[in-house]
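Dear colleague,

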Amino acid sequence: MRKLIQYLLENPSLIVSLKENKLSLLGVTTREQQAILEAFNEPIYFRGLGWRGAVDENKI
C-alpha cells in the first residue's frame with residue numbers, strides 16, 4: 001500500500017482518473033480505494049512543525 005500511495009503522489013494525474021472512475025486499482029478493495037481518494041481530498045496538517053497546508057486540487 002505504501003508503494004501505491006507513493007506512486008500516486010508521483011503521478012497526480014492518476015488521482016484524477018480515479019475520481020472520474022476511469023481507472024481501477026487491481027488488488028485494492030473498493031473500501032481501500034475510497035479511503036485513498038478521501039485522503040487525497042483532506043487537508044494536510046503538520047502540527048509538530050507549525051505548518052498547515054492543503055493539497056491543491058488543481059494539481060491533482
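Among contacts in the protein chain between residues at least 6 apart in sequence, what percentage join residues at least 24 apart? The share is 33%, where contact means heavy atoms within 4.5 Å.

Two remarks on conventions come before the details. This is a predicted model, in which local features need pLDDT of at least 70 and side-chain atom pairs count only at pLDDT 80 or more, while totals for chains, interfaces and linings use all residues. Residues are numbered from 1 along each chain as its sequence is written, and side-chain values use heavy atoms, with hydrogens and water left out.

Overall architecture

The protein chain contains 3 helices and 2 strands, arranged from the N terminus as α-α-α-β-β. Helices (H or I, at least four residues) and strands (E, at least two) are DSSP runs, numbered from the N terminus. The chain has 60 residues, of which 18% count as buried; buried means under 20% relative accessible area, exposed over 50%, and partly exposed in between (1.4 Å probe, protein chains only). The accessible surface comes to about 5100 Å², with 52% of it belonging to carbon and sulfur atoms. These areas come from the Shrake-Rupley method with a 1.4 Å probe, and for residues only the protein chains shown count as cover.

The core and helix α3

The largest nonpolar core consists of 8 residues, namely Leu8, Ile15, Leu18, Leu25, Val28, Ile36, Leu37 and Phe40. Such a core is a set of buried Ala, Val, Leu, Ile, Met, Phe, Trp, Tyr and Cys residues joined through side-chain atoms within 4.5 Å. Helices α2 (13-19) and α3 (30-41) each supply at least two residues of this core, and α3 gives the most, with 3 residues.

The buried residues in α3 are Gln33, Ile36, Leu37 and Phe40. They cover an arc of only 95 degrees around the axis, which puts them on the same side of α3; the arc is that of the directions from the helix axis to the C-beta atoms. An α-helix has 3.6 residues a turn, so residues three or four places apart point the same way. What covers the buried residues of α3 includes α1 (2-10) and α2. The end C-alpha atoms of α3 are 17 Å apart, in agreement with the 16 Å that its 12 residues should span at 1.5 Å a residue. The expected span is 1.5 Å times one less than the number of residues.

Gln33 has a relative accessible area of 14%. Leaving aside neighbours within four places in sequence, Gln33 is in contact with Leu18, Leu23, Ser24, Leu25 and Val28. Val28, not counting residues up to four places away in sequence, touches Leu4, Gln33 and Ile36.

The loops and the salt bridge

Asn21, in the loop between α2 and α3, has a positive phi of about 55 degrees although it is not a glycine. Most residues other than glycine have a negative phi. Asn21 is exposed, at 67% relative accessibility.

Lys22 forms a salt bridge with Glu20, the closest N and O atoms being 3.3 Å apart. The term denotes a side-chain nitrogen of Lys or Arg within 4 Å of a carboxyl oxygen of Asp or Glu, and by this rule the count comes to 1. Lys22 is exposed at 65% relative accessibility, whereas Glu20 is partly exposed at 46%.

Pro12 lies in the loop between α1 and α2 and is partly exposed, with a relative accessible area of 29%. Pro12 and Phe40 are 28 residues apart in sequence and 9.7 Å apart in space, C-alpha to C-alpha.

With kind regards
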